[in-house]
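Work through the exercises below with the structure open. Each task is followed by a stepwise solution.

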Amino acid sequence: MALLEIRNIVRRFGDFTAVDGVSMSIESGEFFTLLGPSGCGKTTLLRMIAGFDSPQSGEILLEGRDLISTPPEKRPIHTVFQNYALFPHMTVAENIAFPLKMKKIGKDEIRERVRESLEDVRLADRGGRYPDELSGGQRQRVALARALVNRPRLLLLDEPLAALDMKLREQMQIELINLQREVGITFIYVTHDQTEALALSHRIAVMNGGRVEQLDEPSKIYDSPKNRFVADFIGTCNLIEAEVSAAGEEKMVLEIKGLGEVTAKNPGNAASGKKGILALRPEKIRIAAKLSPGMEENHFKGRVHDFLYMGDVTVYIVEIGEGVHIEALLPNSAAGRPKILEKGDPVEISWRYDAGSFLDE
Ligand SMILES: Nc1ncnc2c1ncn2[C@@H]1O[C@H](COP(=O)(O)OP(=O)(O)OP(=O)(O)O)[C@@H](O)[C@H]1O
Ligand SMILES: [Mg+2]
């Protein structure tokens with residue numbers, strides 16, 4: 001049985017529907033992420049799981065038992081918000097002990113559990129400090145320790161790293177993965193940052209306009225986006241208007257305006273005349289002054305329209321055919337690499353027929 005089962009949840013504010021029939025089931029021990037743009041309903045959904053808000057319809061079950069009728073303080077769930085509030089006049093240890101004191105737990109047990117929690121977040125030597133004597137990352141870890149001290153079944157985290165700078169964020173991401181693995185508590189993590197979601201999660205629900213667009217493992221979301229929204233939202237993707245001109249069982253031919261024919265993988269249901277989009281990741285495209293394309297590859301000649309030197313890679317925008325622009329990536333592993341191709345240079349690109357996906361929605 002799933003730990004948390006969400007069935008067809010709807011939440012309206014007046015005539016605006018913030019959560020529009022969301023269903024998902026979350027397994028025990030999972031690091032599950034809700035990912036989507038601002039306003040897509042992530043926090044609203046989290047608040048209903050926590051019990052701070054109720055849906056107009058639908059069900060939320062924890063281990064098969066109804067949760068909606070359970071008040072928030074009776075749910076074995078804890079939430080860490082973006083603006084985690086530590087009490088400034090209490091030490092780190094007192095901050096962490098606070099939820100236990102509220103529960104009237106004995107002194108000795110509190111001391112033991114605070115010690116364990118501090119160890120969980122590797123702050124064992126900082127219990128006597130005050131919050132303003134800590135770095136941003138350490139404060140965030142205290143907030144996590146306080147959330148874990150009650151050993152909730154489910155920890156909800158609403159953009160907990162949003163306030164941190166990039167270096168610290170990356171460090172905290174690694175710590176979060178390790179922490180979740182060690183304590184074995186199920187996490188539901190909210191973010192609008194797709195790299196963060198890909199790095200942290202066992203599974204991701206990509207949300208848009210109150211709905212789930214795709215629910216899958218990170219690699220599936222990245223490699224096989226289900227529709228245009230997911231392809232565009234996750235990473236960088238060439239989205240090229242195309243029409244099926246001939247369809248076989250495994251392969252098909254797409255007609256692209258201004259370019260001509262390309263071979264692509266048949267998603268299974270494409271028939272001649274169907275219109276859609278070829279979604280192609282820039283790193284799946286080979287680019288060089290001269291290429292010898294393989295049998296299974298599409299191959300075109302074009303010109304460097306523009307490029308962007310990013311340090312580790314250079315992004316090339318290549319004009320092929322009539323006004324068709326395709327983005328391709330070249331890693332800068334060899335010295336002087338970014339100088340190989342200049343604006344206006346003739347260039348060749350190629351990609352395997354199965355490098356992209358044809359999306360018809
Ligand atoms: N109490 C409320 N009354 C009216 N509208 C609300 C209320 N709470 C949320 N909304 C609306 O519901 C939509 C979803 O809000 P929500 O806070 O869930 O978005 P989000 O995905 O968490 O966005 P962000 O990434 O910016 O935090 C928004 O359009 C918001 O304005
Ligand atoms: Mg939010």
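**Exercise 1: Overall picture**

Among contacts in the protein between residues at least 6 apart in sequence, 65% join residues at least 24 apart. This is a predicted model.

Task: State how many helices and strands the protein has, the box its C-alpha atoms fill, and the percentage of its residues that are buried.

Solution. 
- Step 1. Count the elements. The secondary structure comes to 8 helices and 20 strands.
- Step 2. Take the extents along the principal axes. The C-alpha atoms fill a box of roughly 75 × 50 × 35 Å.
- Step 3. Look at burial. Of the 361 residues in the protein, 35% are buried.

**Exercise 2: Helix α1**

Task: Find which residues of helix α1 are buried, and what phi G51 takes.

Solution. 
- Step 1. Locate the helix. Helix α1 spans residues 42–50.
- Step 2. Pick out the buried positions. These include K42, T43 and L45, along with L46, M48 and I49.

**Exercise 3: Helices α2 and α3**

Task: Classify the orientation of α2 and α3, and list the residues that meet.

Solution. 
- Step 1. Get the geometry. The axes of α2 (residues 92–102) and α3 (residues 107–120) come within 10 Å and cross at roughly 125°.
- Step 2. Classify. The two helices α2 and α3 are therefore oblique to each other.
- Step 3. Assign the hand. The crossing of α2 and α3 is right-handed.
- Step 4. List the contact. From α2 come A93, I96, A97, L100 and K101; they meet I110, R113, V114, S117 and L118 in α3.
- Step 5. Sort by class. The contact of α2 with α3 has 7 nonpolar, 1 polar and 2 charged residues.

**Exercise 4: Helices α4 and α5**

Solution. 
- Step 1. Get the geometry. The axes of α4 (residues 136–148) and α5 (residues 166–183) come within 11 Å, crossing at roughly 20°.
- Step 2. Classify. Angles under 35 degrees count as roughly parallel. Helices α4 and α5 are therefore roughly parallel to each other.
- Step 3. Assign the hand. Helix α4 passes α5 in a right-handed crossing.
- Step 4. List the contact. G136, G137, Q140, L144 and L148 in α4 meet L168, Q171, M172, L179 and V183 in α5.
- Step 5. Sort by class. The contact of α4 with α5 has 6 nonpolar, 4 polar and no charged residues.

**Exercise 5: A328**

Task: Decide whether A328 counts as buried or exposed, and name its contacts.

Solution. 
- Step 1. Locate the residue. A328 lies in strand β18, residues 324–331.
- Step 2. Apply the cut-off. A residue is buried if 20 or more other C-beta atoms lie within 10 Å of its own. A328 has 26 C-beta neighbours inside 10 Å, so A328 counts as buried.
- Step 3. Skip neighbours within four places in sequence. A328 is then in contact with P282, I285, I287, Y316, V318 and I349.
- Step 4. Check one further pair. A328 and A199 are 129 residues apart along the chain, and their C-alpha atoms are separated by 23 Å.

Key: Residues numbered from 1 in each chain as written. Chains lettered and ligands numbered in written order. Predicted model: local features only at pLDDT ≥ 70, side-chain atom pairs only at ≥ 80, totals over all residues. Axes fitted to C-alpha atoms, helices over the stretch in contact; angles between N-to-C directions. Helix = DSSP H or I, 4+ residues; strand = E, 2+ residues; numbered from the N terminus. Parallel < 35°, antiparallel > 145°, perpendicular 65-115°, else oblique. Left-handed = near helix turned anticlockwise from the far one by under 90°. Contact = placed C-beta atoms within 7 Å. Nonpolar A, V, L, I, M, F, W, Y, C, P; charged D, E, K, R; others polar. Buried ≥ 20, exposed ≤ 12 C-beta atoms within 10 Å, placed from the backbone.
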